[in-house]
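Biologist: I would like to learn how to read a protein model step by step. Could you take me through this one, feature by feature?

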Amino acid sequence: MQELTQDNLGEILKNNKKVMVQYGAGWCGACRLIKPQFKKMSEAEEDVQFYYVDAEKFPGSRDFVNLENLPTFAGFVDGQLIKQVTSSKIDSVKEVLNEITNN
């Protein structure tokens, strides 16, 4: 898992076939709790790029999803949003991952 250091999610989506994104924020307790599980999930998937996006620092990167609450997880294939979920349950995150790995 990589953390975005600049507001360039669009470029990442364009250059990678399958991408999983966690949108979070420093003040979000649920985001901090699930982040290690998201990182562990990233280590098991070689065909998917995993990114953490601080939704406050990088507002342009929010434009790719309908962001209403945090944490939000989004799965992209060929730059297109396939599925997103707002949840702090790892099973919900796995559902998003399954959607993009099956595409």
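**Reading the sheet, the rings and the disulfide**

Modeller: Strands β4 and β5 pair in the antiparallel sense over six bridges, where two strands pair if DSSP finds at least two bridges between them, and where helices (H or I, at least four residues) and strands (E, at least two) are DSSP runs numbered from the N terminus. This is a predicted model, in which local features need pLDDT of at least 70 and side-chain atom pairs count only at pLDDT 80 or more, while totals for chains, interfaces and linings use all residues. Residues are numbered from 1 along each chain as its sequence is written, and side-chain values use heavy atoms, with hydrogens and water left out.

Biologist: In what order do the strands of the sheet lie, and which stand at the edges?

Modeller: The open sheet has five strands in the order β1-β3-β2-β4-β5, with mixed pairing. Strands β1 (2–3) and β5 (80–86) are at the edges with a single partner strand each, so one side of each is left without a neighbour in the sheet.

Biologist: Which strands does helix α2 touch?

Modeller: Contact means heavy atoms within 4.5 Å, and by that rule α2 packs on the sheet, touching β1, β2 (18–24), β3 (49–54) and β4. Axes are lines fitted to C-alpha atoms, for helices over the stretch in contact, and angles run from 0 to 180 degrees between N-to-C directions; the direction of α2 makes about 165 degrees with that of β2.

Biologist: How many aromatic pairs are there?

Modeller: Rings of Phe, Tyr and Trp (its six-membered ring) pair if their centres lie within 6.5 Å, and planes under 30 degrees apart count as stacked, over 60 as edge-to-face and the rest as tilted. By this rule there are two aromatic pairs. The ring centres of F38 and F73 are 5.4 Å apart and their planes are at 55 degrees, so this pair is tilted. Because F38 lies in helix α2 (residues 29–44) and F73 in strand β4 (residues 72–77), the pair ties together parts that are 35 residues apart in sequence.

Biologist: What is a disulfide, and which residues form one here?

Modeller: A disulfide is a covalent bond between the sulfur atoms of two cysteines, taken here as a pair of sulfur atoms within 2.5 Å. C28 and C31 form a disulfide with their sulfur atoms 2.2 Å apart, and the torsion about its S-S bond is about 80 degrees, so the disulfide is right-handed.
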